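Work through the following exercises with the sequence and the model side by side. Try each task before reading its solution.

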Amino acid sequence: MYQLLKAMALPPASLLIIALIGHFWPGKMKTGRRVTSISLILLYLLATPLVGDALLSRLEVFPPLPASGPILQDAQAIVVLSAEARQELEYPSLSPGPMTLERLRYGAWLQRRTGLPILVAGGTMLGQPDSLASTMRQSLTEDFRSSSIVWLEDQSQDTHQNAIRSAEVLRAQGITRIFLVTHAWHMPRAKLSFEHAGLTVIPAPTASHNEDARKNPSIESRISKLLPSAQALRDSYFAFHEMGGLAFYWLEFHS
């Protein structure tokens, strides 16, 4: 029920619902048309790369770690957070989704640079027997050839639970200082959660937006930023999801 209500409250579903309400607005037709028009205009704007990219970029406040040279941090372990998984017919078991693979790739690369053990975090999906964490560990060993120690946190259903249960596993190993791997736009909420759980967090964001690509764009690039796309609408969805989640966590942790 929670997932259904969340989907209805966030764009694009919320704006489409409002547009339908405006379309069937009883009585005053002008009011109904105005509600529908505003909703569709907002939906169009959120579906443009200009808006979607800008919203998501506002959350990317932590810079990536240096791409080369030594990493001068005294972390004791690497924590990689899950995102999603898929049940694909060509594989016998659950497979990491695209965003989870992006995080795993960076976690494996960071492990090769530092030699640190890895903890993967993610519980079971609805109707699936395998946890995201077990799927991630399998991918690390089989796809990324990681030979490091891999601990599992496979009981959580959200970022807050990731943090609490990961901290329990890590403290049992005497670990309190970690590299935290997740998408750059998810890092503010993740860092807040893990620090609230008592860990010292060194942000290790991945899949950051490339600032250099936005400098001196061509005419074609500028026009394309005004054309709606599924990717831009997804970016806007993630941005609203993260901003809402960050505000909720901040209020909960400071109440």
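**Exercise 1.** Find which helix gives the most to the nonpolar patch.

*Solution.* Start with the members: M1, L4, L5, M8, I17, I21 and W25 make a nonpolar surface patch of about 710 Å², where a patch joins nonpolar side chains (Val, Leu, Ile, Met, Phe, Trp, Tyr) within 5 Å, taken from residues with over 30% relative accessible area and no salt bridge. Next, look at the helices, which are DSSP runs (H or I, at least four residues) numbered from the N terminus: α1 (2-9) and α2 (13-23) each supply at least two residues of the patch. The helix that gives the most is α1, with three residues, and L4 is a residue that lies in α1.

The model is predicted, so local features need pLDDT of at least 70 and side-chain atom pairs count only at pLDDT 80 or more, while totals for chains, interfaces and linings use all residues. Residues are numbered from 1 along each chain as its sequence is written, and side-chain values use heavy atoms, with hydrogens and water left out.

**Exercise 2.** Determine which residue forms a salt bridge with R189, and which parts of the chain the pair ties together.

*Solution.* Begin with the rule, by which a salt bridge is a side-chain nitrogen of Lys or Arg within 4 Å of a carboxyl oxygen of Asp or Glu. R189 meets this rule with E242, their closest N and O atoms being 2.7 Å apart. Because R189 lies in helix α8 (residues 187-196) and E242 in helix α10 (residues 230-254), the pair ties together parts that are 53 residues apart in sequence. Finally, both R189 and E242 are buried, that is, under 20% relative accessible area with a 1.4 Å probe and protein chains only, whereas over 50% is exposed and anything in between is partly exposed.

Note on methods: Patch = residues over 30% accessible without salt bridge, like charges linked within 9 Å, V, L, I, M, F, W, Y side chains within 5 Å. Areas by Shrake-Rupley, 256 points an atom, 1.4 Å probe, with all protein chains shown as cover.
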